Amino acid sequence: MSDNHQPLESLQAKLRNKTGREYWRGLEDIVSNPESHDAFSQEFPRQASLLGDALDRRHFLKIMGASFGLAGLTACSAYPEDKHIVPYVKAPEEIVPGKPLFFASSFTLGGVATGVLVESHMGRPTKIEGNPDHPASLGATDLFAQASILTLYDPDRSQTSRYYGDFRPYDTFLRDLRKHLEETKPKQGEGFRILTETITSPTLAGQIRKLLADYPKAMWHQFEPAGRDAAREGSKLAFGSYVETVYKFDKADVVVSLDADFLANGVGSVRYARDFSARRRARKGIKELSRLYMVECVPTATGTVADHRIAVKPSEVAAMANAIAVGLGVNTGKPAAAPSTHAKLVESIVKDLQASKGKSLFIVGDYQPAALHALAHAVNQALGNVGSTLVYTDSIEAEPTNQLESLKKLVADMNGGAVETLLILEGNPVYTAPADLDFAGALKKVKLAIHLSLYFDETSAQCHWHIPSTHPLESWGDARAFDGTITVQQPLIAPLYSDTKSPLEVLAAFGYQFNLSSYDVVRTFWQQNLNKLMTGASTPVNGAVPVSTGTASAPPPPPAGEGKVQVGQNGTGLLSDFDKVWRRAVHDGFLAASSFAPKTVTPGGNLAEAMSKLPAISGTEIAFRPDPTVYDGRFSNNGWLQETPKTRTKLTWDNAAIMSFKTAAAKGLKNEDVVTLSVNGRTVKGTVLIVPSHPDDSITAYLGYGRERAGVVGNKAGFNAYTLRTTGGLWSAGGVTVSATGETYRLACTQMHWEIEASEALRRRELVQTATLKEYLDHPAFAKTEFDDPKARKLTMFQPVDDYAAERYAWGMVIDLASCMACNACVVACTAENNIPVVGKEEVLRQREMHWMRIDQYYAGDIASADLEVHVQPVMCQHCEMAPCELVCPVAATTHSPEGINEMTYNRCVGTKYCANNCPYKVRRFNFLHYADYDTPSLKLGRNPDVTVRSRGVMEKCTYCIQRINAARIEAEKETRLILDGEVVTACQAVCPAEAIVFGNLNDKNSQISKLVAEPSNYGLLAELNVRPRTSYMAKVRNVNSELPQPKTTAAARKAEHGSHGEGDHGGSEHGATPSGEHKSESTSGPKAEPGKAEPSKAGH
Amino acid sequence: MPQHFHRSMNTISKMMIFGGVFIIGFGAWLALEINRSANVTDVQIAKAQPVQFSHQHHVAGLGIECRYCHTSVENSHFANVPPISTCMNCHQQIWFGAQMLEPVRTAWKTGKALEWQRVHNLGDYVFFNHGVHVQKGIGCVSCHGRVDKMQLISKAEPLTMEWCLNCHRNPEQFLRPKDKVFDMEWKADNQLELGRKLKAEYKIEPARNLTSCSTCHH
């Protein structure tokens, strides 16, 4: 990444001359700049520099001598020291010491819930999984839910109430509050305001409404930093009322997304990823895939799986949308003026959409203006998609409102002195509110400001009272999912800090119920309002989820006050009807039959007028987006998320002024240059990061960085993009000036880390295998070489391998490249499951990040174009049957199990690192500096007790979640049976929203994985090295529109290389390198080199 | 020039060179033996416990079965030490006022648990599972010795990896009928013959699977 300040033309020329590869990772690949490349081609670069420059002979000998002297000591460990066993006094029911329990709960982001199952070891939550029965999850989660375990145990969490920053007991707050309420009551709450984030929770909203009823002059404001004002207002523009749009991607043949990162960001994305990817897998017997056109103005995860990805400036999204709409005959009041370069594309999209009426989707991202959302509604109406690929429902929000206006009014009233009491329930408005509102300044005029939050953050510091909030895993609550399903938030552990309160409890205190628990609040509310809560549809959206029995037709609940039947702990006492519903809901994690029924809407509104009001933006533009890992800043102090390489940019620990190569070159900037960004007189200093595929003349700035009071992990990382963000341009702004400051700042970007460098093999086959659908149908086995056949016994310098076919199990994994969109949920899930330590920015800069799995990202195409193809490839230990790492270990610390697992035995490892040096996949991680935190008490609680916490000096890597295999094996062995298919689910597989990872037993011919391995498009990464990897990949098949320029695929390249395989060349390939005259000559080798026809099992005899 | 070394140095140096081999060998042997001795492994060394609980009295004397207290031994990796409530099942009635039981009663009254000293202790990198051993016909006595004869509990076996592997390599030495797992006194007439039969019957994995590293370390 270091120095790529070269003229664009020379880069292009080099790319044309194929100095680099077809699929490249960074600019270094193209320019083949030896210096910068060398820095990363070493397994562990920059080691020597740590010793300092003065490494003379004497110094060297000293260090060597000391090393030898101490070498023996590192092998020593204390014999198991004295430990205690502390049994219960009275054992709780259901807990079997040593066995985990799973409880249903919910994870809420932006107010919207995803159902989760939380693993609890002896009362300590350790891992979050998706709730397979919950419609928003279906067993998967996003990376934020995975990482919320770490937030629970974060030692930086606020633990005590504070008054003007000084510690005060919560009781003091209650005393003050009571006094204050006495004063406020006679005024009917005049001057009393509540500020929340988006709320879908029926109980919380019910409490606020009750409070507002008690104080009629009080007001409720909402502001969500990464909010959906545009979507909300768009629906109001189109239909006159706030409605929710729920998509059914499994029914859509053609999807056009305009800056909608629907697979990885926003409401329902986890479920949408599942539905969408189900239609994207080229398998035997499948002739059709869905098609995705992605018009993006910032790098998105969805862009990686798009069939056609076009990068445009933020302001051009409107033009593209308008052009498509006009093409479809929607009256937008504007001429179709798409950027001329994309005219052909727009034409094709229109044609495609028209051809699949009722089976298409036109989606506009949450961060595009409301007018475009109205436009999307009109387009979907025109295409007849309503009712088939999308439905409208009531808003899932408890009180849908224009949140920006709501906040503006609050700030105006605060400035006007009309606000006496301000209760801020979660959120961090001082940090996140639009800069021109100066929320902090307005806050000073409030007489009593109370802030409930998880951390003592920027807002807490400006408020009179700070009340520490409970983590969602510590308190009861509820929230609605994307389809309206009411999801129960069940606590897994009593609050770690006794002073912490949930929003429900604080609101109860405002209603003079000073000691009401969150459990009582939720249960009582449900009991009183069950009828209203359950009037939703009885069939969940998409009909994929079985509704729990017995509850759908539950009789109406007893009137309030009557249903207080206490359920006897020992089964005595009768369950009331409400109890049955409640217990079922708590057990399942959600209230059955609470999702919203599709709603009939009447189109109306003046689209043309709304479109005409779109602001004209000119000059260099900046787009603000919630960060892919720390979101709007709420996860800033989460080390797991900070260290996760961000989707598309691969940046860790910082945000940056992200721009294209062309833009940087035009402005005379290089990577890691510190620049001053200024928009309308507001300035901030940021660091340049060049990302190929980024639209030109535009800058992306992720929010959530530059925190002052995030905690030790998140403070001072990156720059605060909120300081540029104003009410006029919440999501993008024009007229940005960028000026270099002359300073530089190191960015820990992992794009070039762990690069696979097997040049000999690469000449045979690219790491990422791609084909268009047409190429795939012509030649399904395009990705295969003779090395993919497990039976092919090639001459080998290794000792002959075991015959794994004779074993009960041969574990393997298949990763689907067509589904993976690098959302990083797997990376965080792996971190949580396997106790992987956080190493920090400095160590990431030294390429020492410990993640067992990484997601490699490759580009293809012309460097000058922003419309590059982006391919992502998760890589972890491939568990080679002939593993090069095992042969070089001097102490046999890495060995092979009879079931084919490449085992890593930590207690035997002496840290020679030979194995890592010999690993072609670069998947081994060495613990250089005792990264695991052995000291912080709260962090100890969150570790997975089934996985060793590794110490310094030890190599580690993906184990295929051996602890999960062993757990399943033990259960099977107890019953003297075999492990069933699907019984072992690895952490990465479990969490994947797109179901891109499949794990299982290759010896079971009926297992899901065996079927995938038998698919023609399955191939082994670097199988050419004859290491026989157990992990294999499904090649990426894209349904490219044949009218548009065809991408250069590896399938086309191989076809050119080997000549035609089919009878006639109906490939329609426009690939210039396929000389038509050579088609009939079967080239080079015999049948083995023609994998197109070869059944994998027949290929080698 | 006079000689630097006396002639006798020839003999001494030869002795040092050849003797050194033996000395180093002896040292290595000594180190290994010390490592295997009770001094390190704590075999048959009882530890001070909050209550001097006698397994001999409860098991041999009263005939209480193992699973009455160690309830999770068949299912979990951990054979639990019973909660105080299990003690109180009997001791609310019997020996209620005994001085020896004072800590138990205090724990019961205050709710503050007893802290027992761990006797059978493995490294943090070892993942041993009681459940599967018990259900595959390994008797308690095979690892824990004659607990029914122990006044104070102590290790009967060293619990070293060498010792574990001895059984993982040849489980037939120890396999027993499932109804004899908790029997302290049962002995097979011909253990090896029975063991081989049971190994097939229980479908015990072959030694190369049982001795692969990831069986116990992950």
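The legends below describe close-up views of a predicted model.

**View 1. Helices α10 and α12 of chain A pack against each other.** Helix α10(A) covers residues 316-327, and helix α12(A) covers residues 370-382. Their axes lie 10 Å apart and meet at an angle of about 20 degrees. That angle makes α10(A) roughly parallel to α12(A), because angles under 35 degrees count as such. The crossing of α10(A) past α12(A) is left-handed.

**View 2. Residues at the contact of α10(A) with α12(A).** From α10(A) come A:Ala318, A:Ala321 and A:Ala325. From α12(A) they meet A:Leu372, A:Leu375, A:Ala378 and A:Val379. By class, this contact of α10(A) with α12(A) holds seven nonpolar residues, no polar residues and no charged residues.

**View 3. The side of chain A that touches chain B.** Chain A brings 35 residues to the contact, and chain B brings 40 residues. In chain A, β1 (84-85) and α30 (962-974) each supply at least two residues of this side. The most comes from α30(A), with six residues. By class, the side of chain A that touches chain B has 16 nonpolar, eleven polar and eight charged residues.

**View 4. Strand β1 of chain A pairs with strand β1 of chain B.** The partner strand, β1(B), covers residues 116-117. Two bridges join β1(A) to β1(B). The strands run antiparallel. One residue to look for is A:Ile85, whose bridge partner in β1(B) is B:Trp116.

Technical notes: Residues numbered from 1 in each chain as written. Chains lettered and ligands numbered in written order. Predicted model: local features only at pLDDT ≥ 70, side-chain atom pairs only at ≥ 80, totals over all residues. Axes fitted to C-alpha atoms, helices over the stretch in contact; angles between N-to-C directions. Helix = DSSP H or I, 4+ residues; strand = E, 2+ residues; numbered from the N terminus. Parallel < 35°, antiparallel > 145°, perpendicular 65-115°, else oblique. Left-handed = near helix turned anticlockwise from the far one by under 90°. Contact = placed C-beta atoms within 7 Å. Nonpolar A, V, L, I, M, F, W, Y, C, P; charged D, E, K, R; others polar. Pairing = 2+ DSSP bridges.
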